[in-house]
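Try each answer yourself before you read on.

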Amino acid sequence: MLKRRLSFLWGRLNSSFWFVPALLVAASLLLFFAMQYADRRFVSGVTGSPLIFSGGADAARSLLGAISGGIITVTATSFSLAIVTLTLASSQYTPRVMQNFLADRGIQVVLGTFLGTFTYCIQVLRIIRTPTGSSAEPFVPVLGLTVAMLLALGCVGLLIYFIHHVADMIQSSSIVKGAHLDSLRYIRDLEDLEGDSRTDAEEPPVTGGAPAVLLCRKSGYVQHLDRRSIAEVVGGLSGDGGGKTFVDLPSGQGFFISAGLPIARIWASEGVEMDGEIEDKLHKAIITGKERSFQQDFAFGLRQLADIAILGLSPGVNDPTSSMQAMDRIEAILIALGDKKMPGGLHHYELQGSEVILRVGYYGFDDVVGLGLDQIRRSAFTSGQVAVLDRFLELVGRAMRANPMEERLYSLWERALAVARLAPQEITDPRDAANLALHAVRLGAPLLETGLREKAADDLRDVARFCGDLPGADGVRREVEAVLSDTGQGDRDDGQIRWPG
C-alpha cells in the first residue's frame, strides 16, 4: 500500500506549480557554492580571458544589482499579466486554462529559472569584498559573475518563450488538444481498471449481520482508489481462510462524496469488526481532493471538452467554431474507446485462502457518452446552431463505426434519435429539420443488421413520424422505407407502414 500511495503522491507533487521552481532555486544555490569554490581555486588561470568578467568590485555590485532587480521585476510583471490574461480566457472557455498554466512544465521552468537567477545573483553579491584597510583582502568572484551574465541572457530568451507560450496556451485549439491528450493518456491504461463486465454483483454475504460502514471524513472528489490495498486490508476480516468479504464502493474515481456519507460498506462471512487502525488504512487507500484528477478518471477530459462546447454555444460567447473543435476531440476520445473495455464493476481477489469481492461504482459507456454529448445537444438546440447539430450527428456516426458492440451502438444511436425527435419542434427552418432527420436515419440503418433490428426498426419509423408533414418529410419516409425493405423490416402486421398525413 505504501509504495502505491507514494507513487500517487509523487505524481501529484511532480505536477504541482511550486515543485520544479523549488528544485531550480535549490540548484542555483548549489551552482553558487560550486562557482565560489572555483573562483577561489582557479581564478588566477582564467582572469585574462575576454569572455570572463574583468571589472572591479563596484562594477560587479552594479552588474549584479541590475540583473537581480531586473529579473525580479520582470518575473512579477510578466506572471501578473499572464494570470490576468488567463483569467479572462478561462471565463470564455473553461477554468481548465488556469489549471493548465499551473501544471505546465514550461511555465514552471521559466519561473524557476527566473527565481533561481535572482537567488544566485544575491548570493554572489554577498561575497564581493572591497578592501577597507591594510589587512583586508579584496575578492571579486569573476567566474560567478560570468555565470550570472550567462543566466541573465538565458532569462531573456525564456521571457520570449514565455510570452509566446502563454499566447498559444489561451487559444481554444490548444485547450481542447490538452484535454484530449490527457484523456487518451489514461485511456491507454484502462486495462488497469478492468474487472468483471457485470456491475450488479451477487447479493453480499449477510450471514455476518449488518455491514460495517466507512464514512467519508472529508468532502471531495475521489481522485485515487487503490483496490488492491482495500482488498488486502479487509481480507483479514473474513476469518482464518476460506471466508468471503464483500466491499461496496458506491463512489468510484471522479465521483464527489460528501463528508458523513458512506464511502464503503463491508460484509464479511464471519461478521465485521473494524477498529480505528483499519479505518485509517482504508481512508489512505481512497484519496479525495478538491477537484477531479485525470489519474484513473479519463472521463474528466470529456467533462472539460463538453464545458468548452457548451460555453461556445452560449449567447454571451457565441463561438460555434470552438464548440466544434471540442466536439472533434470528443469524437477522437469515443473512437479511442472502441478497442477498450470499460472499467468493470466487480473485482475479485484471492488473498491467503480468503475471497474478497469489490464492487466499484464507475462510469459505464452510456454514462461516458451522456457526459460528453447530452448537454452539447441541448445547447445546440437552444442556440439554433444547425451546423453544430449536423456535426453532432457526424460525430455519433463515426463513433458508432468504432464501437461495434451492440450495447455501445444503441447508446450512441439514442443520441442521434434524440436529435431527430427534437429537430421538427425546435428548428425554425423545416427543411433543416428534415435534413437532420434524414441524417439520423442513415445512422440508424446499420443497426438493422445487428441483434437490435426490431428496436432499431421501430425507432426509424418513429423518426419518420416525428417529421409529420414538414417540407422534406417525404424524403425521410422514402429513406426509412428503403432501409427497412432492404433488411426485411418493411412489412408490419397490417401489411404496411402507416405514415401520418
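Predicted model: local features only at pLDDT ≥ 70, side-chain atom pairs only at ≥ 80, totals over all residues.

Q: What share of the chain's residues counts as buried?
A: A residue is called buried when its relative accessible area is under 20%. The chain has 501 residues, and the share that passes this test is 48%.

Q: For contacts with a separation of 6 or more, what percentage comes from residues 24 or more positions apart?
A: Here a contact means heavy atoms within 4.5 Å. Take the contacts in the chain with a separation of 6 or more; residues 24 or more positions apart account for 80%.

Q: In the open sheet of three strands, what is the strand order?
A: Start at the edges: β4 (256-257) and β6 (286-289) each have a single partner strand, so one side of each is left without a neighbour in the sheet. Strand β2, residues 220-225, pairs with β4 in the antiparallel sense over two bridges. Put together, the antiparallel order reads β4-β2-β6.

Q: Which residue in β4 is the bridge partner of Y221?
A: Strands of a sheet pair through backbone hydrogen bonds, either parallel or antiparallel. β2 and β4 go for the antiparallel version. Across in β4, the partner of Y221 is F256.

Q: Which helix packs on this sheet, touching β2 and β6?
A: The helix we want covers residues 276-285, and its direction makes about 60 degrees with that of β6. That's helix α9.

Q: Which residue's backbone oxygen does the side chain of S78 reach?
A: We're still with S78 in helix α3. Its side chain reaches a backbone oxygen at 2.6 Å, and that oxygen belongs to V74.

Q: What is the phi of N318?
A: Most residues other than glycine have a negative phi. N318, in the loop between α10 (299-313) and α11 (320-336), isn't a glycine, yet its phi is positive, at about 55 degrees.

Q: Is N318 buried or exposed?
A: To count as exposed, a residue needs over 50% relative accessible area. N318 comes in at 52%, so this loop residue is exposed.

How values were computed. Residues numbered from 1 in each chain as written. Heavy atoms only, no water. Pairing = 2+ DSSP bridges. Helix = DSSP H or I, 4+ residues; strand = E, 2+ residues; numbered from the N terminus. Axes fitted to C-alpha atoms, helices over the stretch in contact; angles between N-to-C directions. Buried < 20%, exposed > 50% of the residue type's maximum accessible area, 1.4 Å probe, protein only. Polar contact = N/O pair within 3.5 Å; in protein donor to acceptor, adjacent residues only side chain to side chain.
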